[in-house]
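Here are some notes on charged side chains for your reading. Please keep the structure open as you go through the points.

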Amino acid sequence: MRRDILRAPGPQVLLSTASVYPESTATAFEIAARLGYDGVEVMVWTDPVSQDVEALRRLADYHAMPIRAVHAPCLLITQRVWSTDPWVKLQRARAAAETLGASTVVVHPPFRWQRQYARDFVEGIWRMADETDVRFAVENMYPWRYRDREMLAYAPEWDVTKDDYRHFTIDLSHTATARTDTLAMVDRMGDRLGHVHMADGKGSAKDEHLVPGRGDQPCAELLRRLSDSGYEGHVVIEVNTRRAMSSAEREADLAEALAFTRLHLSAAAAERPDAGAGLADGGGAGRGAHRA
């Protein structure tokens, strides 16, 4: 039975299956249904169920929990998932999204050592986006740091707003790790912001993915801006619960993240129910506007 949690008009709030790690993909569907999330984003990784479209469809049907987004296998630990060819990974992610009824594929920029992939990435993402109604939302990343050293691990850029994509994903844990101005990045994304990973961070060199409200990122302000702007994408809870001492503690963290997100979306809607302005003036400028 689902908990009675405040529901807000506007963006749907999804649970990333990565948020239950080291629990399984199947567990994420169960928790999302029990807590009253609007759907899930499937992180495709080493869990075989996350790679199996038919298994995912059965989970979505059984829990009445729709799959709204697919996160392509872009992590170091998923280099051999769905092929070693990064373009094949994206083709399979798109096919999975189309089959499952998901509107968005989340993709990271390439690692710098993926040289050919990195050289072709911007144009390749445009080509793939032109072939489907599914959004390819490219996610902001961060420089890798060790002590006083910084390594640029992603290409063309970890700050994806420096390149031209039709849609972006903003991840607030990544902006914290990058020590960049989150709202300024959102302004640069403008009306091409298509997907949000809601988390928090304190500027550590580690990608923290804290429950929103536990770090120093402008989580509440961003949620209010999304609600005011008429944002039509999804807000995805993508937090790290690995340190939870029990399943109950993990579930409590995910309930808190959902309640925080819905609270601030609904507060903005109540204060400005007729707001419909864009996130930023001129946000669709450039090729992202005339080719969208």
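1. Asp-187 is partly exposed, since its relative accessible area is 34%. In this predicted model, Asp-187 forms a salt bridge with Arg-225, and their closest N and O atoms are 2.5 Å apart. The two residues come from distant parts of the chain: Asp-187 sits in helix α7 (residues 182-189) and Arg-225 in helix α8 (residues 219-229), 38 residues apart.

2. A salt bridge also joins Arg-214 and Asp-253, with 3.0 Å between the closest N and O atoms. Arg-214 belongs to the loop between β9 (193-198) and α8, and Asp-253 to helix α9 (residues 247-271), so this pair ties together parts that are 39 residues apart in sequence. Is Asp-253 buried or exposed? Asp-253 counts as buried, at 13% relative accessibility, because the cut-off for buried is under 20%. Arg-214, at 37%, counts as partly exposed.

3. Asp-130 and Arg-166 form a salt bridge whose closest N and O atoms are 2.6 Å apart. Asp-130 lies in helix α5 (residues 115-130), and Arg-166 in the loop between β7 (149-151) and β8 (167-171), so parts 36 residues apart in sequence are tied together by the pair. Arg-166 is buried, with 14% relative accessibility, whereas Asp-130 is partly exposed, with a relative accessible area of 45%.

4. How many salt bridges does the structure hold? The count is 13. Some share partners: Glu-30, Arg-34 and Glu-251 are joined into one network in this way.

How values were computed. Residues numbered from 1 in each chain as written. Predicted model: local features only at pLDDT ≥ 70, side-chain atom pairs only at ≥ 80, totals over all residues. Heavy atoms only, no water. Salt bridge = Lys/Arg side-chain N within 4 Å of Asp/Glu carboxyl O. Helix = DSSP H or I, 4+ residues; strand = E, 2+ residues; numbered from the N terminus. Buried < 20%, exposed > 50% of the residue type's maximum accessible area, 1.4 Å probe, protein only.
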